[in-house]
Amino acid sequence: GSFSGKRFELHFVSTQGKRAHYVVSSRRPSIDDGKEGTLSSTDVMMRVSKGVMALCASVVLQLGSVQSLPVVSSSALAGSLTSDENAVIRLFKATNQSVVYITNLAFRRDAFTMNTLEIPQGAGSGIVWDPETIVTNLHVVRGSSDLMVALSEGEESEAKIVGVDQDNDIAVLKLAKPIPNLRPIKVGSSTNLSVGQSTYAIGNPFGLDHTLTTGVISGLGREITSGATGRPISQVIQTDCSINPGNSGGPLLNSSGEMIGINTAIFSTTGMNAGVGFAIPSDTVKNSVQQILENGKVSRPLIGITFAPDAAVDQLGISGILVLSAKPGSPAEAAGIIGTQRDDYGRLVLGDIIIGVNSVPVRNSSDLFRVLNTCKVGDTLDLEMLRGDSKVHVDVQLGTSN
């Protein structure tokens, strides 16, 4: 069909090649009432719209036979949902009150008036752990002067940070006042997950609160790096759920509505979702949150050394961990580990170079952290090191990090 302002043309062609042509103009009878007269373009369109379906049906019958089709009412179409769709709807209704919107506020000084203002500098998502506790990513709340936590209905409360796990990008918040209708999330296990199982992410991408996206587990056992400490986060879940800025800190759910991870990062060259998202596994989250709620901090086993950056070690042509110093009172000092020094002439004398732990080769800091992540405070490690021109073995009993 085409409309020129004064005439409306309908062209029909059947599958057998038969043609029909109808014209409605300002001087021709209208389709529905048969009255003549000058019609405005709006009148023509309104009148044509009322009768065009009947006209089309009539023309089709003239051009050829029509196979009868079942008639489905619009109300039936609106209410026809599959069992899978109904399951997802129930999951969202059961879990959306377990996800909050977090606004990171910071003080800024106005360049013209020199007044100090508190303005939003970022936003993200959070998980309701219990009626007073919110769990989110550390990078969502880092650098904040104040934090505001809100539900989609508009209820909100200030919150403060009570503890963080920098190595795993986790922060625990306490609400200043209760928020009605909060529902603690069901925490599942990340142990027996399978690639291909369905996943659901709820968060606040770009400030659009309580957005649901769906996908599958694309991979398991991934490793990403903590932005705060550079330490590797292991056993990370990869998903193709759409995760964008603002989704960080929100839950990754299984089909039972249980949290199996916290959405924390994406792999993208543009900063937008590219179908490769990462979530910290729920077992890691549970361990960190429990320690923070009980002790106010996360304790991890440590050797007590400072070491050179991997890039600097590579430039020296060395494979391993170059010890710069053994911290006073640390297990490393008690074991006699030697750090890098300068001699009387100012020349650099390299310290011990750790090349293995418990017979596991260590080539860089990620290898060392990977071993330490499997250990507990009080465990004894056998360190294989290069000292000068010889190899030595030293036993170190792991201490507790601050």
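Reader: Is Q235 buried or exposed?

Author: Q235 counts as exposed, at 52% relative accessibility. Buried means under 20% relative accessible area, exposed over 50%, partly exposed in between (1.4 Å probe, protein chains only). One caution: this is a predicted model, where local features need pLDDT of at least 70, side-chain atom pairs count only at pLDDT 80 or more, and totals for chains, interfaces and linings use all residues. Residues are numbered from 1 along each chain as its sequence is written, and side-chain values use heavy atoms, leaving out hydrogens and water.

Reader: Where is Q235 found, and what is its phi?

Author: Q235 is found in strand β12 (residues 232–239); strands (E, at least two residues) and helices (H or I, at least four) are DSSP runs, numbered from the N terminus. Its phi is near 60°, a positive value in a residue other than glycine. N181, also not a glycine, has a positive phi of about 75°. That one is in the loop between β9 (170–175) and β10 (198–203), and is partly exposed at 49%.

Reader: How do I read a nonpolar core?

Author: Nonpolar side chains tend to be buried together in soluble globular proteins. Here a core is a set of buried Ala, Val, Leu, Ile, Met, Phe, Trp, Tyr and Cys residues joined through side-chain atoms within 4.5 Å. The largest one has 21 residues, and I303, I337, I354, V357 and L383 touch the most other members. Helix α8 (365–372) is among the elements supplying at least two residues each; α8 gives the most, with four.

Reader: Which other core is there?

Author: Another core, of 18 residues, lies apart from that one and includes I127, I185, I262 and V289.
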